[in-house]
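Here are some notes for a first look at this structure.

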There are 2 protein chains.
Amino acid sequence: MKHTASSSDTSTQSPTALFDQACTTAREAAVLASVEAALGWDERTGMPPKAADYRGEQAAAIAGLLHAKRTAPARGEALAELAASPLATEGSPQVRAAIRLMAHDYEKQARLPVRLVTEMAKTTVDAQQAWAVARAKSSWATLAPWLEKVFALKREQAACQRPDLDPYDSLLDDYEPGGRWPVIAERFTHLRDAIVPLVRACGEASRRPTDAIMRRHFPLHDQQRFVRTVAERIGFDFQRGRLDTTDHPFCSTLGPDDCRITTRWDEAYLPTALFGVLHEAGHGLYEQGLPREWFGLPPGEAASLGIHESQSRLWENLVGRSPEFWEWCFPVAREAFPAALTDTTAADVQAALLVVEPSFIRVEADEVTYNLHVMLRFDLERAVVHGDLSVADLPAAWNERFENDFGRRPPTDAEGVLQDIHWSAGLIGYFPTYTLGNVFAAQLMAAATRAIPNLGQQMAAGQLGDLLGWLRKTVHAAGRMQESEPLVERVTGEPVSERWLVESLTRRYGPAYGLS
Amino acid sequence: MKHTASSSDTSTQSPTALFDQACTTAREAAVLASVEAALGWDERTGMPPKAADYRGEQAAAIAGLLHAKRTAPARGEALAELAASPLATEGSPQVRAAIRLMAHDYEKQARLPVRLVTEMAKTTVDAQQAWAVARAKSSWATLAPWLEKVFALKREQAACQRPDLDPYDSLLDDYEPGGRWPVIAERFTHLRDAIVPLVRACGEASRRPTDAIMRRHFPLHDQQRFVRTVAERIGFDFQRGRLDTTDHPFCSTLGPDDCRITTRWDEAYLPTALFGVLHEAGHGLYEQGLPREWFGLPPGEAASLGIHESQSRLWENLVGRSPEFWEWCFPVAREAFPAALTDTTAADVQAALLVVEPSFIRVEADEVTYNLHVMLRFDLERAVVHGDLSVADLPAAWNERFENDFGRRPPTDAEGVLQDIHWSAGLIGYFPTYTLGNVFAAQLMAAATRAIPNLGQQMAAGQLGDLLGWLRKTVHAAGRMQESEPLVERVTGEPVSERWLVESLTRRYGPAYGLS
């Protein structure tokens with residue numbers, strides 16, 4: 001790696017040379033980021049318990065090198081010059097997006113004082129440890145002082161990185177670029193107004209589907225073979241990826257041809273692994289579908305976490321829980337689990353996958369109530385960021401809201417305000433992307449159904465290639481060139497609306513519960 | 001990481017400050033080297049097939065950063081000043097060794113032209129690909145031009161890095177610091193004079209042990225549990241390490257508390273995994289026993305490959321094939337494999353592990369003939385380095401020597417001169433460390449037996465703690481502070497001699513074959 005660019009040099013370079021150099025640096029940074037991802041994957045899958053301390057040193061060393069590469073002043077000067085060059089307006093769409101977003105990312109990072117970055121890193125490590133203790137003891141007092149610090153630091157970050165934005169929108173920009181809280185809040189209000197009554201109606205329905213057949217014995221090895229078959233069937237490429245076991249499932253990209261997904265297994269409940277893998281493989285299909293030649297540059301990056309989640313939810317819920325998919329999947333499942341499924345029918349399984357059952361814990365929630373969990377967190381974290389709610393008042397606010405939406409109060413804070421690690425980890429502005437993903441997924445699936453007239457028949461035959469191909473062409477190929485809402489609007493031909501999600505839930509869960 | 005040292009700065013620093021700074025840089029380099037090891041471990045255990053290209057970029061990026069850190073001129077100046085300071089003669093043994101060896105390593109690396117390092121890297125990658133083709137076709141002509149280049153480059157490297165040494169000894173210095181070929185050659189001649197007749201006598205013996213009971217069916221899952229039990233029993237710490245599956249077993253250290261071993265499995269031959277794991281766990285025990293507080297610095301590094309191999313061979317052969325160990329191990333094995341071992345006795349297994357059977361392939365060789373394979377390669381590679389043998393004449397020389405030692409000629413070059421990847425990979429001066437390891441292991445085990453009077457009884461009870469403790473105290477704790485021969489001499493109280501290996505082989509294999 002040669003360092004030839006100085007402020008006096010750059011001005012003598014052609015825009016094309018400047019662009020090539022900026023891309024080279026970004027690709028070098030991507031190599032380091034992918035090494036960081038490899039260390040993180042290993043840490044969560046197989047690292048020996050006592051290796052954690054040194055792994056921290058390894059990760060910190062790579063993070064330091066990465067930060068230095070991304071924030072080198074010479075890079076900022078070159079990117080500023082590039083953004084003012086004719087290439088920024090006359091280049092190809094990919095080149096224009098790359099220039100705009102590399103400059104945007106640089107400026108945003110450069111506005112953060114190193115002191116703040118360091119303090120955030122240190123505080124969130126400590127806060128997460130405090131969270132683990134607090135949750136185990138169900139002790140809000142143990143976590144509260146740490147959350148005070150985290151929220152204060154996040155408010156400072158918000159003011160630094162995007163002084164032009166409302167503080168919550170500034171934080172949102174890290175996960176859902178272009179997202180604006182009033183738009184999301186209005187959308188969520190409509191959604192909540194539809195979902196709360198739907199959940200209540202399901203709870204009061206005389207006809208209630210049961211998932212008892214999913215709670216039989218499903219041997220681990222048979223599950224491993226089965227979910228791999230399903231992941232391959234929807235298009236996950238195991239030549240460019242792998243599947244491992246973890247307590248907390250995730251999808252991580254270690255390189256342009258190295259996407260790793262994980263799942264957990266429960267021999268007494270098949271959906272844990274099956275829908276876990278469909279979800280993570282959905283993320284993986286997006287990663288594997290991003291433009292490979294732009295890996296490490298904005299046109300090869302994901303548009304947002306909401307779009308990412310739309311891909312995982314589409315495969316998990318809109319394909320994976322559909323009656324059409326189970327026409328193909330049921331015989332495969334019965335062959336994989338003859339003892340458990342021999343006396344069942346496809347219809348039994350289809351019904352078993354549409355159970356609505358309010359629970360205190362978000363990660364155990366069904367497809368319908370899940371969104372209520374997310375909207376609750378969105379409203380509370382926004383109120384704290386905006387100074388309308390104190391950290392001290394979070395537990396009471398949580399319980400009140402939960403009772404309003406779910407009809408009961410969490411018996412302990414461990415089952416309430418203390419259940420998620422996100423806030424302790426500094427992930428504020430992150431929760432809404434989960435439900436935005438559901439909103440985008442429903443609208444995209446409706447558009448796919450219009451674009452592929454016989455999609456239902458294809459799914460029933462286990463042919464998912466056209467659906468994946470359509471997502472590749474419309475969503476994946478766009479990388480980060482468009483923000484999420486314009487992207488979904490372009491692809492579906494209409495403005496983003498939560499009505500598709502309401503329609504999808506009502507259409508599928510209504511009949512399952514005999515609702516009119 | 002601050003870069004404050006310049007040539008004018010260093011002279012104003014105290015020796016202690018200089019030393020701390022040199023250690024900090026070495027530890028930072030060790031972090032990067034351990035990241036490189038993590039990428040290499042992943043590449044060989046679980047990386048998706050198509051991820052190889054990008055993994056090459058990741059590894060190259062880390063290697064470049066590592067090389068820059070290790071060979072920074074400012075580091076050379078600081079180390080030279082340190083080597084001339086009072087600390088180099090008056091510090092603790094660890095400090096003195098660290099100063100001496102850091103300066104030695106720096107000077108050696110700095111003497112290599114970057115052009116040579118780059119050309120070596122590129123040539124050995126190409127040569128290894130040519131080797132794979134050549135072995136598959138059994139075509140010497142395919143490999144020969146590449147080996148010409150590799151040997152020429154290695155001769156150049158030898159002349160550059162240690163101009164004070166004979167060229168072969170210069171190469172040996174990379175693997176067995178302080179090793180001198182005339183000493184090794186004399187030792188090997190005595191060894192060969194003892195082993196060739198022993199192999200012949202075993203071949204002609206009327207009483208011949210059989211390993212038929214080891215060729216029954218040993219289910220994979222039972223083997224996995226069994227070898228883990230054995231590895232834990234000899235002291236391998238799974239809190240600081242793990243065991244994975246690979247085609248070519250290895251041991252790799254990813255951090256001071258992260259030692260990873262691998263094995264392959266053969267359901268039709270128990271010794272493949274069992275002795276593979278004992279071997280790699282032996283390496284692992286050494287790595288786990290090196291002084292943790294000196295990780296990344298010479299007092300925390302291995303003394304040599306010969307010493308490393310002595311640890312793996314001691315556990316694999318001198319413990320793992322001993323009748324005493326099998327007094328403990330046999331009931332454990334019979335419980336693990338009831339179907340395969342129910343009609344057998346400890347004596348049957350003990351006999352089955354002492355089969356001598358000459359084979360063309362080194363990696364399939366038994367404990368006795370293995371050394372003949374190594375000595376053949378040592379003599380041939382040395383002759384080429386010294387210009388006494390041309391690369392073109394290697395196959396003929398190989399076959400002639402093989403017939404002399406083993407009584408038959410390899411039917412093809414694939415089963416002869418083409419079988420090993422080492423020369424193509426530039427590993428010249430490496431082979432002798434395998435048999436040096438056996439020599440050191442036998443002498444160390446004899447000393448351990450004297451030091452621990454009831455060692456046999458302990459082994460029979462499955463108590464290996466005293467043996468490991470003795471190795472920890474005598475060998476592991478020394479790190480790289482002594483070269484291998486002085487180390488073994490100090491620990492055993494007598495000069496290094498091959499006679500202990502001859503004695504060990506004769507004592508165990510003579511009775512098995514009914515030799516007088």
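1. Two residues are taken to be in contact if their C-beta atoms, placed from the backbone, lie within 7 Å. On that basis, 33 residues of chain A are in contact with 33 residues of chain B. The model is a predicted one.

2. Which elements give two or more residues to the side of chain A that touches chain B? They are the helices α2 (15-45) and α3 (52-70) and the strands β1 (241-245) and β2 (251-255) of chain A. By residue type, this side of chain A divides into 17 nonpolar, seven polar and nine charged.

3. Helix α10 of chain A runs over residues 181-204, which is 24 residues. From first C-alpha to last, α10 reaches 34 Å, close to the 34 Å expected at 1.5 Å a residue.

4. Buried residues in α10(A) are A:Trp181, A:Ile184, A:Arg187, A:Phe188, A:Leu191, A:Ile195, A:Val199 and A:Cys202. An α-helix has 3.6 residues a turn, so residues three or four places apart point the same way. The partners against which the buried residues of α10(A) pack are α9 (167-172), α17 (370-385), α19 (432-451) and α23 (499-512) of chain A.

5. Helices α4 (residues 73-83) and α6 (residues 93-110) of chain A pack with their axes 9 Å apart, at an angle of about 140°. This angle makes α4(A) oblique to α6(A). The crossing of α4(A) past α6(A) is left-handed.

6. On the α4(A) side of this contact are A:Arg75, A:Gly76, A:Leu79, A:Ala80, A:Leu82 and A:Ala83, which meet A:Ile99, A:Met102, A:Ala103, A:Tyr106 and A:Ala110 in α6(A). The residues of this contact divide into nine nonpolar, one polar and one charged.

Conventions:
Residues are numbered from 1 along each chain as its sequence is written. Chains are lettered from A and ligands numbered from 1 in the order in which they are written. This is a predicted model: local features need pLDDT of at least 70, side-chain atom pairs count only at pLDDT 80 or more; totals for chains, interfaces and linings use all residues. Helices (H or I, at least four residues) and strands (E, at least two) are DSSP runs, numbered from the N terminus. The expected span of a helix is 1.5 Å times one less than its number of residues. A residue is buried if 20 or more other C-beta atoms lie within 10 Å of its own, exposed if 12 or fewer, and partly exposed in between; C-beta atoms are placed from the backbone. Axes are lines fitted to C-alpha atoms, for helices over the stretch in contact, and angles run from 0 to 180 degrees between N-to-C directions. Angles under 35 degrees count as roughly parallel, over 145 as roughly antiparallel, 65 to 115 as roughly perpendicular and the rest as oblique. A crossing is left-handed if the near helix is turned anticlockwise from the far one by less than a right angle, and right-handed if clockwise. Ala, Val, Leu, Ile, Met, Phe, Trp, Tyr, Cys and Pro count as nonpolar, Asp, Glu, Lys and Arg as charged, and the others, Gly among them, as polar.
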